[in-house]
Amino acid sequence: MIAHTLLVSVVVSFAVAAERPQTKRPDFSGTWQVDTVASKALTEKEGHVWRVIGGATQGNASAAADPKRRGSGPVTIITQSELEIVSERRSEEIVIDRSVHKLDGSLSVNASQDSSSRSTTVWKGNSLVTSGTREIGGLRTQGGRPLPPIQEKFVMVRSLLPDGSMRVESRRTRAGKESVHFTVLQRVKQP
């Protein structure tokens, strides 16, 4: 009788747990474009310096150099499933870079023309956190001489804001020096 009661309790517990709604994670899928004005404002609000480096903002080559312009520059197309998130940055239909991150915390390896990275991606609450190491090559001096590759550690935290825009906090550490940058992306309305 006790064993039967225990078995019924276990079955009922599993049935109740199965009926509970699953925690719905944010879906970052869509076509996004950097809002340079909002990105600059958020970076400065968080107490960090906004810098423009070589026509791109610090830590985000997709942003426009002019902080007065909204929604200019390449777009980022994100597709997300239960298993992975794929991010593809494009400029006029030309793929600039593409990365695939597994969402189970296992190692993801990505490479582009001038860089390679090894990272893990996990959910922390409603934020998606990617951390790892990156090697950036193909750099040259102003005179054209090749420079040695740069090694850096990075952490990128994606979250959705109440207005539907995406907030990306990027931290990178090179030679012991950390830089922090915030980017706000807006969904591109499809025609």
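# Exercises on a predicted model

Glu44 is partly exposed, its relative accessible area being 39%. The structure is a predicted model, and the exercises below start from this residue.

**Exercise 1.** Which residue forms a salt bridge with Glu46, and which parts of the chain does the pair tie together?

Solution. 
- Step 1: Glu46 pairs with Arg167, and the closest N and O atoms are 3.6 Å apart.
- Step 2: Glu46 sits in the loop between helix 2 and strand 2 (52–53), and Arg167 sits in strand 11 (residues 166–174), so the bridge ties together parts 121 residues apart in sequence.
- Step 3: Glu46 is partly exposed, with a relative accessible area of 37%. Arg167, at 19%, is buried, because the cut-off for buried is under 20%.

**Exercise 2.** Follow the salt bridges from Arg167 and name the members of the network.

Solution. 
- Step 1: Arg167 also meets Glu169 in a salt bridge, at 3.9 Å from N to O.
- Step 2: Glu169 is buried, with a relative accessible area of 15%.
- Step 3: Through shared partners, the bridges join Glu46, Arg167, Glu169, Arg171 and Glu178 into one network.

**Exercise 3.** Describe how strand 12 pairs with strand 1 and with strand 11.

Solution. 
- Step 1: Strand 1 (residues 30–35) and strand 12 (residues 177–187) run antiparallel and are joined by 3 bridges. In this pairing, Trp32 has Arg187 of strand 12 as its bridge partner.
- Step 2: Strand 11 and strand 12 are also antiparallel, with 9 bridges. Opposite Arg167 stands Val184 in strand 12.
- Step 3: The hairpin of strand 11 and strand 12 has 2 residues between the strands, and Ala175 takes a positive phi near 50 degrees there.

**Exercise 4.** Classify the aromatic pair of Phe28 and Trp123 and say where its members lie.

Solution. 
- Step 1: A pair of aromatic rings is described by the distance of the centres and the angle of the planes.
- Step 2: The structure holds 1 aromatic pair. In it, the rings of Phe28 and Trp123 are 6.2 Å apart from centre to centre, with 15 degrees between the planes.
- Step 3: Planes under 30 degrees apart count as stacked, and the pair of Phe28 and Trp123 is stacked.
- Step 4: Phe28 is in the loop between helix 1 (2–19) and strand 1, while Trp123 is in strand 8 (residues 115–124), so the pair ties together parts 95 residues apart in sequence.
- Step 5: Phe28 and Trp123 are both buried.

**Exercise 5.** Is Ser159 buried or exposed, and which residues does Ser159 touch?

Solution. 
- Step 1: Ser159 lies in strand 10 (residues 150–160).
- Step 2: Ser159 has a relative accessible area of 12% and is buried.
- Step 3: Leaving out residues up to four places away in sequence, Ser159 touches Phe28, Asn126, Ser127, Ser165, Met166 and Arg167.
- Step 4: Phe28 is 131 residues from Ser159 along the chain, and their C-alpha atoms are separated by 8.4 Å.

**Exercise 6.** State the confidence of the model, and contrast residues 5–21 with residues 53–69.

Solution. 
- Step 1: The mean pLDDT is 82, and 76% of the residues reach 70 or more.
- Step 2: Over residues 5–21, pLDDT stays under 50, and the model has 0 contacts beyond four places in sequence for this stretch.
- Step 3: Residues 53–69 also have pLDDT below 50, but this stretch has 41 contacts beyond near neighbours in sequence.
- Step 4: Where pLDDT is low, the predicted coordinates should not be read in detail.

Conventions: Residues are numbered from 1 along each chain as its sequence is written. This is a predicted model: local features need pLDDT of at least 70, side-chain atom pairs count only at pLDDT 80 or more; totals for chains, interfaces and linings use all residues. Side-chain values use heavy atoms; hydrogens and water are left out. Buried means under 20% relative accessible area, exposed over 50%, partly exposed in between (1.4 Å probe, protein chains only). A salt bridge is a side-chain nitrogen of Lys or Arg within 4 Å of a carboxyl oxygen of Asp or Glu. Helices (H or I, at least four residues) and strands (E, at least two) are DSSP runs, numbered from the N terminus. Two strands pair if DSSP finds at least two bridges between them. Rings of Phe, Tyr and Trp (its six-membered ring) pair if their centres lie within 6.5 Å; planes under 30 degrees apart count as stacked, over 60 as edge-to-face and the rest as tilted. pLDDT is the predictor's confidence in each residue, from 0 to 100. Contact means heavy atoms within 4.5 Å.
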